[in-house]
Amino acid sequence: MVNDNDEGAYLRVRDLTKKFGEFTALRNVSLDVREGEFVCFLGPSGCGKTTLLRAIAGLDIQTSGTVEQAGRDISALPPQNRDFGIVFQSYALFPNLTVKRNVAYGLENRRMPRAEVAARVAELLDLVGLTAHGDKYPAQLSGGQQQRVALARALATSPGLLLLDEPLSALDAKVRVHLRHEIKELQDKIGVTTVMVTHDQEEALAMADRIVVMNHGVIEQIGTPEEIYAEPATPFVADFIGTTNFVDGEVRPGGRVAVAGVVIDFGSAVDGLAPGDKVTVCIRPEDVRVSDGGSGPGIAVTVTDVEFLGSFHRCHVEPVNGAGFGRGVDFMIDLSAGRARDLDIREGMSVTAALPPEFVRIYRPMGGV
Amino acid sequence: MSEAAARAAAVIKPKVGSEDWIMRAVLVGIALYLTVSIVLPLYAILSKSFKNADGVFVGLANYAKFFSTPALFWSIENSLTVTLICCVIVVTLAFIYAYALTRTCMPLKSLFKGVALLPILMPSLLPAISLVYLFGNQGVIKDWLFGHEIYGPIGIVMGECFYVFPHVLTIMLIAMANSDARLYEASDALGASKIKTFFTVTLPGVRYGVVSAFFVCFTLVITDFGVPKVVGGKYNVLATDIYKQVVGRQDFEMGAVVSMILLLPAVFAFAADRIVQRRQVALLSARAVPFQPRKNPAVDMGMLAFCGAIGLVLVSVLAMACFASFAKFWPYDLTLSLKHYNFDLMDGGSWSAYHNSIELAAWTAVIGTAMVFTGAYLVEKSKGFHSGRAAMQLLCMVPMAVPGLVLGLAYVFFFNAPNNPLNVLYHTMPILVICTVTHFYTVAHLTAVTALKQLDAEFESVSRSLKVPFYKTFFRITVPVCMPAILDISMYLFVNAMTTVSAVVFLYSPDTALASIAILNMDDAGDVAPAAAMGMMIVATAAGVRLMHAGLTRGILARTQAWRTR
């Protein structure tokens with residue numbers, strides 16, 4: 001998963017394990033972050049993403065494994081001997097200090113001349129667009145503004161690494177989308193290497209250069225948002241990012257797979273599997289091709305329900321032949337508004353659903369998704 | 001792969017920074033203070049109870065003597081009897097009083113809240129003296145006792161009820177405040193009657209509070225010394241026995257034995273209370289909606305009458321003491337004069353005692369607050385060092401379980417030992433300060449912990465990432481933000497240092513006599529009116545400090561805590 005000879009890595013994590021008593025929160029986690037990169041740790045709550053961030057920060061040092069930053073082994077160092085700025089979900093702004101004093105907090109301790117501190121604070125407030133609010137107290141600001149103060153404070157000392165622990169999750173949906181762009185822009189502008197923890201896949205897809213998907217204390221996949229979405233390495237990733245249909249299948253001779261009573265040729269997707277293997281076939285709802293009834297290639301299905309979701313329609317379908325898709329799960333097909341109009345899709349209609357091999361991923365049966 | 005495996009196996013030992021060492025050193029320092037000021041003295045008194053007057057180990061001989069002397073072991077029964085009676089009376093009264101304050105639309109609520117807290121301002125000796133004026137041989141309303149004597153169980157119960165009422169009420173108020181209006185709405189919607197709602201919603205909601213109040217009341221009464229000392233008469237209880245054995249008969253070993261026996265119920269009540277409080281936590285969810293009482297003229301007026309009656313009693317007791325301190329020669333010449341305030345002419349009292357009390361209270365407030373808050377901060381916010389922090393937490397809870405008399409006597413044994421280098425402290429002001437800080441450590445500590453828990457847990461993480469040393473953040477952020485709690489702690493310590501008798505009664509010297517001790521001695525010498533006068537001085541001082549505290553808190557909230565308002 002990780003190229004051990006990645007010379008360009010700014011942050012290098014190797015075999016990180018963190019135990020809390022009997023519980024293992026992280027198990028042999030390794031990853032690299034390149035200089036100037038924006039990396040998201042993404043996963044459900046309890047997957048270990050925050051534990052990993054806190055180990056990198058030195059706030060809760062790992063049980064075993066190493067962390068290197070800019071070629072320096074910082075594995076055992078306390079936070080004050082590392083080089084990072086951090087923004088917490090709660091922001092942890094000092095309530096009794098003004099916005100300016102909050103931002104200046106780390107600078108004042110460095111024997112910087114007062115004029116220089118003031119200049120740097122002004123520069124940062126300008127950067128986050130809060131120049132007018134410098135003399136207010138945090139409680140007098142909105143959530144989004146508080147978040148930007150926290151960001152300015154973390155960046156004030158020009159750290160080599162910026163750590164963001166669920167920085168947006170305390171905000172309203174609208175503000176969140178807006179700030180998401182702002183943070184990303186800011187990061188592009190100053191080029192600081194950034195690691196962000198989030199449980200929101202949309203946030204990760206929109207902001208990250210690379211995403212680290214985690215589950216149960218291990219890394220499931222590392223990749224660009226496109227890779228993660230289009231080629232999920234595991235069923236967990238397929239399920240966690242976006243929406244995916246899971247269908248039970250069985251491998252037949254000749255690279256073909258029996259799905260819902262129909263045998264389909266999936267070509268190279270079946271490589272490495274032997275006839276008789278039980279498999280799980282995954283395809284995203286928007287990748288299913290639908291044509292009017294009849295006997296084209298694909299599975300004849302009946303539409304049992306249509307949900308109108310704004311820009312697209314989500315159809316729930318069942319095979320006509322009654323074989324079922326297995327697993328007791330709905331099979332969903334997303335149709336753009338235009339396509340739905342063309343087909344005049346309605347409940348009770350019969351259509352043919354084709355599963356294009358290039359969009360299908362086949363996994364060996366899995367434990368629990 | 002083998003290299004990777006080797007790396008994986010290497011356990012990382014976090015480097016402990018210089019800051020962490022400072023934190024640990026201070027934490028260990030405070031833990032050592034508590035060890036010297038409570039653990040070692042307790043050990044000294046325990047071992048004393050197994051020795052004879054010559055310091056030779058005699059096993060359980062002293063205990064055998066205690067249990068074979070009826071005059072001694074009957075005190076156990078006496079103590080338990082009056083204590084349990086007090087608990088039942090006070091818990092019931094405080095329950096209704098708290099119910100009236102929180103769950104009804106009774107008028108004058110804040111007045112009644114204030115009146116109920118009056119007893120906190122006085123040493124328990126003072127209400128007892130007041131009872132003597134009311135029901136004693138020359139008492140104003142002596143007849144109300146139908147020929148019974150105030151000296152004895154009746155007097156003790158009456159005095160203790162007065163003395164512990166505000167403490168029990170405070171717990172009740174907290175328990176009642178934690179109510180969820182949604183439960184009442186649900187009960188209403190389901191058509192339950194008021195009575196049924198009371199038994200199915202109100203009572204279960206406050207049951208932990210009631211139990212906790214019961215235990216606190218139990219501990220306060222059984223360990224109190226002031227009331228039985230003044231109105232106990234021939235009715236011996238454990239607390240006065242300790243005093244009599246040590247001061248009257250100079251039998252230190254028997255004093256130690258009685259102390260150990262008094263320690264048992266106190267420790268038991270303390271442990272039970274902690275267990276109950278731990279359960280209370282989970283009771284109220286964050287989404288609870290505060291209960292808003294609705295008008296109900298019959299109930300509101302009934303409650304007004306009840307609270308009025310209680311309030312009248314509380315005020316009368318104080319007023320009686322006040323009047324007695326100004327009356328020229330009770331009960332023959334009732335013209336007002338200040339002659340009883342001329343303490344320097346009295347046996348066992350002097351103005352210097354009052355000044356010593358102020359000095360003790362000031363030192364206790366300053367040193368105690370600094371130590372308690374720093375200790376609580378380190379327990380709550382330092383990193384790693386789990387064993388040290390756990391030990392400290394335990395040490396902080398010990399003082400609450402130890403009755404003042406036991407603590408004071410333990411100090412005699414520990415600090416007066418010729419081979420203890422700390423014995424230079426004996427009979428000085430510092431030992432009074434140490435004893436008083438330690439005596440009231442636990443409540444102050446819990447107040448500080450509560451305030452600290454409300455701070456964002458990541459302040460320390462942020463300042464570490466900004467490379468600001470923890471002590472700068474402590475003084476620039478933690479202390480200013482917690483200032484209201486810090487003022488609460490210092491006021492609590494000041495007022496208690498003014499009013500305490502039990503712990504310091506064994507420790508003062510002629511040079512360091514205290515106002516509360518002067519009350520005791522003047523009362524013993526028959527100068528009851530001057531004793532009441534000294535009591536009034538304490539009440540006035542404590543009330544003044546409370547008012548100052550209220551003003552200061554308001555001022556600070558307005559000025560330095562501008563951030564609290566939007």
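Me: What makes a residue of chain A count as buried, and what percentage of the 369 residues is buried?
Reply: A residue is buried if 20 or more other C-beta atoms, placed from the backbone, lie within 10 Å of its own. In chain A of this predicted model, buried residues make up 43% of the 369 residues. Local features need pLDDT of at least 70, side-chain atom pairs count only at pLDDT 80 or more, and totals for chains, interfaces and linings use all residues. Residues are numbered from 1 along each chain as its sequence is written, with chains lettered from A in the order in which they are written.

Me: Why are β11 and β14 of chain A called paired strands?
Reply: Two strands pair if DSSP finds at least two bridges between them; strands are DSSP runs of E with at least two residues, numbered from the N terminus. Six bridges join β11 (residues 245–252) to the antiparallel β14 (residues 278–283) of chain A, and therefore the two strands pair. Phe246(A) stands opposite Cys282(A) in β14(A).

Me: What makes β13 and β20 of chain A edge strands?
Reply: In the open sheet, the order is β13-β12-β11-β14-β20 (chain A), with antiparallel pairing. Both β13 (262–265) and β20 (361–363) pair on one side only, so they are the edge strands.

Me: How do you know that chain B touches chain A, and how many residues of chain B are in contact?
Reply: Two residues are in contact if their C-beta atoms, placed from the backbone, lie within 7 Å. By that criterion, 33 residues of chain B are in contact with 36 residues of chain A. The largest share of the chain B side, five residues, comes from α19(B).

Technical notes
Helix = DSSP H or I, 4+ residues; strand = E, 2+ residues; numbered from the N terminus. Buried ≥ 20, exposed ≤ 12 C-beta atoms within 10 Å, placed from the backbone.
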